[in-house]
Amino acid sequence: QVQLVESGGGLVQAGGSLRLSCAASGSILSINTMDWYRQAPGKQRDLVAGSTSGGSTNYADSVKGRFTISRDNAKNTVYLQMNSLKPEDTAVYYCYVTGTYYSGTNNARTYSPFGTWGQGTQVTVSS
């Protein structure tokens, strides 16, 4: 009922920048959190940056001061601006969105929570 489409990954030299995007679509009533995670080969998936509908943000210590999460609520889209990239930032980046979706007809509509992952986008930083 909810789909996420990520874009913006690629190959960049150390010190460079990339901007990731994640757009949510489907039967969305409301969105709560929009987060970015990353997973390097052989490692667990870790939170990089998170945002709430109220405007709060949080960051992993390793990216503070270099990455910025932002969202366009009208477009149900979250962004991750990544500056001063380092080789250790190399990973597959995933967005994760939570909220409420609806199903059924106008006369018999139901509402349910969702938590959906994006398909992942590769970010590679060369030294």
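## Reading ring contacts, salt bridges and a sheet

Author: Arg-19 lies over the face of Tyr-79, with 4.0 Å to the ring centre. Keep in mind that this model is predicted.

Reader: Where does Arg-19 pair in the sheet, and what is its bridge partner in E8?

Author: The bridge partner of Arg-19 in E8 is Gln-81. Strand E3 (residues 18–26) and E8 run antiparallel, joined by six bridges.

Reader: Which other arginine lies over the face of a tyrosine, and at what distance from the ring centre?

Author: Take Arg-45. It lies over the face of Tyr-94, at 3.6 Å from the ring centre. Tyr-94 also belongs to a ring cluster, linked by ring pairs with Tyr-37, Tyr-96 and Trp-117.

Reader: How many aromatic pairs does a search of the whole structure find?

Author: The search finds five. For each pair, read the centre distance and the angle between planes. Tyr-37 and Tyr-96 are 6.4 Å apart, centre to centre, with 90° between the planes, so the pair is edge-to-face, an angle over 60 degrees being the criterion. Then place the partners in the chain. Tyr-37 sits in strand E4 (residues 28–39) and Tyr-96 in strand E9 (residues 91–105). They are 59 residues apart, so this pair links distant parts of the chain.

Reader: Is Tyr-37 buried or exposed?

Author: Tyr-37 has a relative accessible area of 19%. The cut-off for buried is under 20%, so Tyr-37 counts as buried.

Reader: And how do Tyr-96 and Trp-117 pair?

Author: Their pair is tilted, at 4.5 Å centre to centre and 40° between the planes. Tyr-96 lies in strand E9 and Trp-117 in strand E10 (residues 108–117), so the pair ties together parts 21 residues apart in sequence. Trp-117 is partly exposed, at 37% relative accessible area.

Reader: Turning to charge pairs, how many salt bridges does a search of the whole structure find?

Author: Three. Asp-89 forms a salt bridge with Arg-38, and their closest N and O atoms are 2.9 Å apart. Asp-89 lies in the loop between strand E8 (77–82) and E9, while Arg-38 is in strand E4, so the pair ties together parts 51 residues apart in sequence. Both Asp-89 and Arg-38 are buried.

Reader: With which side chain does Arg-66 meet in a salt bridge?

Author: Arg-66 meets Asp-89, at 2.8 Å from N to O. Arg-66 is in the loop between strand E6 (57–59) and strand E7 (67–72), and Asp-89 is in the loop between E8 and E9. The two are 23 residues apart, another link between distant parts of the chain. Arg-66 and Asp-89 are both buried.

Reader: Which residues make up the network of salt bridges?

Author: Arg-38, Arg-66 and Asp-89. Asp-89 takes part in the bridge to Arg-38 and in the bridge to Arg-66.

Reader: What does Asp-61 pair with?

Author: Asp-61 forms a salt bridge with Lys-64, the closest N and O atoms being 3.1 Å apart. Asp-61 counts as exposed, at 64% relative accessibility.

Methods: Residues numbered from 1 in each chain as written. Predicted model: local features only at pLDDT ≥ 70, side-chain atom pairs only at ≥ 80, totals over all residues. Heavy atoms only, no water. Phe/Tyr/Trp six-rings, centres within 6.5 Å; stacked < 30°, edge-to-face > 60°. Helix = DSSP H or I, 4+ residues; strand = E, 2+ residues; numbered from the N terminus. Buried < 20%, exposed > 50% of the residue type's maximum accessible area, 1.4 Å probe, protein only. Lys NZ or Arg CZ within 6 Å of the ring centre and 35° of its normal. Salt bridge = Lys/Arg side-chain N within 4 Å of Asp/Glu carboxyl O. Pairing = 2+ DSSP bridges.
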